[in-house]
Amino acid sequence: MSLLEEMSEWVISGNANKVKALVEQALAEGVAPASIVNEGLIPGMTVIGAKFKVNEVYVPEVLIAARAMHAGMAVVKPLLSVSDTKEKGIAVIGTVKGDLHDIGKNLVGMMLEGAGYTVIDIGIDVPPEKFLQAVQEHKPQIVGLSALLTTTMTNMKATIELLKPYRDQVKIMIGGAPITPKFADEIGADGYAADAASAVDCANNLLAS
Ligand code: B1M
């Protein structure tokens with residue numbers, strides 16, 4: 001098994017210390033930082049995403065794998081030039097106004113990051129105006145809205161309406177336990193994802209469309 005394959009395996013099994021040590025070893029052996037990310041760290045998270053989707057692993061395993069990936073990223077990130085990674089695009093994500101649930105949103109962020117997106121997480125209880133501000137500031141290709149309460153789902157609609165002038169530049173995807181594809185259609189979202197791994201597929205599809 002190559003060093004990078006071994007790195008992926010330790011991401012999958014969530015061993016942050018091993019991942020960090022292997023990243024350091026790879027750098028010492030002259031492996032390019034971009035290869036470490038694209039052929040070592042991201043493939044590990046991709047496997048976890050696929051397993052999560054079919055209930056072969058659950059939330060704790062995903063969180064532990066993401067932590068291991070971050071331990072490696074922390075070492076390699078300062079060495080990456082902007083053009084080094086296969087960056088897919090920028091995604092601004094947040095939980096909508098009135099809603100404090102962030103576990104699912106954080107998982108979505110980790111999966112997107114693991115898939116090569118630059119994720120700007122603007123937090124919880126985010127009013128539409130803050131999403132607008134983030135779009136103007138960061139110029140993302142994707143905006144991701146999360147809601148866990150039936151009472152806060154309506155704030156997704158308000159956010160989408162406020163982002164109307166930017167709809168030719170940004171795709172909006174939504175998700176969260178009470179959200180359905182029908183609701184996504186009704187409020188004019190571009191995409192809906194049922195879970196964090198599907199959120200990556202959804203973002204990829206939206207950017208390809
Ligand atoms: Co809350 N809560 N909660 N809660 N809470 C629910 C959601 C609830 C279903 C519990 C229940 O009654 N059975 C219920 C909502 C009922 C409803 O509206 N239909 C509820 C309620 C009522 C409340 C309060 C009002 C309780 C109260 O105070 N009376 C209150 C509201 C606070 C507020 O937000 N203003 C409240 C508070 C809390 C805590 C703070 C205690 C805590 C949140 C901690 C945190 O997030 N940091 C909490 C929790 C933990 C839950 C439950 C138990 C678990 C939610 C969770 O994290 N799931 C939840 C019951 C349940 O779901 N079993 C419940 C795990 C997570 C990985 O899944 O978030 O669904 P989920 O995310 C998934 C997908 O939905 C999807 O991908 C994720 C990963 O697969 N996804 C996206 C999510 N966002 C996405 C975005 C995307 C794409 C996919 O694109 C952008």
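**Close-up views of the ligand site and salt bridges**

View 1. The elements α5, β3 (142-146) and β4 (171-175) each give two or more residues to the shell around the ligand. Helices (H or I, at least four residues) and strands (E, at least two) are DSSP runs, numbered from the N terminus. A polar backbone atom of T150 lies 2.9 Å from an oxygen atom of the ligand, and a backbone N or O atom of G98 is 2.9 Å from a nitrogen atom of the ligand. This is a predicted model, in which local features need pLDDT of at least 70 and side-chain atom pairs count only at pLDDT 80 or more, while totals for chains, interfaces and linings use all residues. Residues are numbered from 1 along each chain as its sequence is written, and side-chain values use heavy atoms, with hydrogens and water left out.

**View 2. The cobalt atom and H101.** The cobalt atom of the ligand has a single donor from the protein, NE2 of H101, 2.1 Å away. Donors are N, O and S atoms within 2.8 Å of the metal (3.2 Å for Na, K and Ca); water is not among the atoms, so sites may look incomplete. H101 sits in the loop between β1 (89-95) and α5 (103-114).

**View 3. D99 without a salt bridge.** D99 is also found in the loop between β1 and α5. D99 is buried but has no salt bridge, and K105, the nearest side chain of opposite charge, is 9.9 Å away. Buried means under 20% relative accessible area, exposed over 50%, and partly exposed in between (1.4 Å probe, protein chains only). For charge, Lys and Arg count as positive and Asp and Glu as negative; His and the chain ends are not counted. The side chain of D99 reaches the backbone nitrogen of L148 at 2.8 Å and that of L149 at 3.2 Å.

**View 4. The salt bridge of K105 and D121.** The side chains of D121 and K105 form a salt bridge (2.9 Å, N to O), defined as a side-chain nitrogen of Lys or Arg within 4 Å of a carboxyl oxygen of Asp or Glu. D121 is in strand β2 (residues 117-121) and K105 in helix α5, 16 residues apart. K105 is buried at 5% relative accessibility, whereas D121 is partly exposed at 37%.

How values were computed:
A polar contact is a pair of N or O atoms within 3.5 Å; within protein, one must be able to donate a hydrogen and the other to accept it, and residues adjacent in sequence count only if both atoms are side-chain atoms.
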